[in-house]
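I opened this entry to look up a few residues and their surroundings. My notes follow the structure.

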Amino acid sequence: MVDMERNGLGIPVEPITLLFEDLAFMRYEEDMKEGISIFSNITGYARPRNMLALMGGSKGSKSTLLKCLAGKAPSMGSLKGSLQAKCRDKGPPYSRLTGYVEKLDAHQPYLSVRETLHFSAALRLSQTISSVNRRIHVELVLDQLDLLPYSNQLVGSLQDAAGKTFEIAKKITIAVELAANPSILFLEEPVSGLDSRGTSSILNILSQVSNPGHVIIATLAHPNARTLDFFDLALILTREGQQGYFGPIGPDCSDLLYYFLSVPEVPRYSIRVSPVGYVMATLGLGIKKRATPTINFAEAYQASSLHEMNNREIYSIKSLTEDRNYKVSSSVYPAPYTLQAMMVLLRTQRFLWRNVQYTYGRLTGCIMIGLLMGSLYWKIEYEDVYGLTSRSLYIYMQVILIGVISANNVIPQIGTDRLVYFREKRAGMYHPIFYPLSWALGEIPYFFIATLAVVGIGNVMAGIGTGSINEFMMYWTVLFVFTICMTYFGMMITFLAPVPTLAAFAVSIVTSLWVSASGVVVVLSDIRFYRWMYWSNPFQHAMNVMTSISFYCNAEECVSDCSCPKLIDGSYAWDRLASVRSLSYERIGTDMLILSAMSLLFACLAFLFFVVLKHNSPPQM
């Protein structure tokens, strides 16, 4: 229990003043000799306890400026100018002192709000902070953003009585970044899509967040005077991406309006028009656009007294002695690798455990498969060829159902979780390899139970692979390894394909070929051009081991009274089945080794594709 009224409980915020001078960004695209200027000659600052609004500009210019200020400049471009984080003492690098709230609210739906914040705090706060202080910090953030009533609810189920789903989602996105205790908080259009009540709620919270010493820098698409009243400073870009204004906003935008009215030859202002609407329309940017402005507002700002005042302020900021390096290698993580692995694995386990549709659905499905197949193949005798064929086809159908379902089920689950991974990777929470590794390890206990349900119900009812405890355990082990192998195969294809639909199509094609070349529908002796597919086929290796375990009986060791099952024509069941299907009991060890090696190969290729292929990396924001 935390007494929220006590002072000094929170982690202190390190005051940072952000200074940027003559920033310019050129974007380069393929087959372009010359780059496109996104913005140029941008100069300004942001002090602790201040809120800075980025406004205006062409489509994407202010969001690109925000990324550059956050040290996340897009890779397809070149940033020039000076960006410095000024402080009084040396400390952590700049990247550890910033938080970036993306416009898209992507969160793990099967974590509670409190668990989501604990995940961010554990991986992003300094390891010198004790676990108790981290938990207190998370509780303070929950209280500050009015999320305590929702703290124990799963993120995917959040919707309050008033239906403020988007507002709550935005608060969670902000809270995740505040859990890292940043000195500077960058926000991409934090009030986009919210009604007036939600906008006031979010901006009021941001205003309170800035009080302890945070710097708040946010982009605003179509602000009004009430929205700008929460901000201290505004930086407005012209349509060409140049700096048209940087300075105070004032009560009811009075300072902002006064500056633009002082520019010669600007249109006359009418009190029926809002100050923000007038300014944006004068620049040719607002919803109600005027004709293309003939005034060069960038030159007017450079010649203004406001520009001179800002230069004097920048000079005083430079007297602070210490700079923070904002170009920090993305390979540097606040948390050690062991903690990263543990936290990501724990999160994936919670995802699997609480995902009723996926985890409990497949467990129920395995029970139903066991019941249906067990009742369909109930104690079939194999006194003749037809009975022998029916009993052997039980294994064939079981392997097909489990293999195909396992390979396909994992595709949509990873697809829905990928947006969350992209956000976490951009935040630099953990090494990318731990994401696929957590999925590979997280699936193991669930398939351990699911395959036990299939074998324990279906095989017992059909009387296949249940001759002894040793036989039952061997059969179960083979089915478990095969299920893991096919799951890793589906995971590998998911990371190889750029979109989940293509991955599902590829899995269906490959599994169909494997089933066809498994030596049952078309026996090995009749396979001409695709024998390589038979020997590289996990279905074939699994069926050989499982069929050998269930039917093998060495008639040569019989002396007088042989107990090996015989057919009506006097031939032994195993001998007939082995000759037709090219089965071999001596291959059991080899097939198990190959099946395990294929599981490891698919897992390693999944890790490789995930780390190397470009479509598994976060897109440019």
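I began with Phe610, which sits in helix H21, residues 588–612. I kept in mind that the model is predicted.

Is Phe610 buried or exposed? I read a relative accessible area of 2% for Phe610. The cut-off for buried is under 20%, so Phe610 counts as buried.

Next I listed what Phe610 touches, skipping residues up to four places away in sequence. I found Tyr421, Pro432, Tyr435, Pro436, Phe495 and Asn616. I also checked Met492, which is 118 residues from Phe610 along the chain. Their C-alpha atoms are separated by 8.3 Å.

Then I turned to the largest nonpolar core, which has 182 residues. Helix H16, residues 469–496, gives the most to this core, with 17 residues. Which members touch the most other members? I noted Leu18, Leu69, Phe186 and Ile217.

I followed up Phe186. Leaving aside neighbours within four places in sequence, Phe186 is in contact with Leu18, Leu69 and Ile217, among others. Its other contacts include Leu66, Ala70, Tyr94 and Val101.

My last stop was Ile36, in strand S2, residues 36–46. I read a relative accessible area of 35% for Ile36. Beyond its neighbours within four places in sequence, Ile36 is in contact with Phe25, Met26 and Arg27. I also checked Ile36 against Trp535, 499 residues apart in sequence. From C-alpha to C-alpha, the two are 55 Å apart in space.

Note on methods
Residues are numbered from 1 along each chain as its sequence is written. This is a predicted model: local features need pLDDT of at least 70, side-chain atom pairs count only at pLDDT 80 or more; totals for chains, interfaces and linings use all residues. Side-chain values use heavy atoms; hydrogens and water are left out. Helices (H or I, at least four residues) and strands (E, at least two) are DSSP runs, numbered from the N terminus. Buried means under 20% relative accessible area, exposed over 50%, partly exposed in between (1.4 Å probe, protein chains only). Contact means heavy atoms within 4.5 Å. A nonpolar core is a set of buried Ala, Val, Leu, Ile, Met, Phe, Trp, Tyr and Cys residues joined through side-chain atoms within 4.5 Å.
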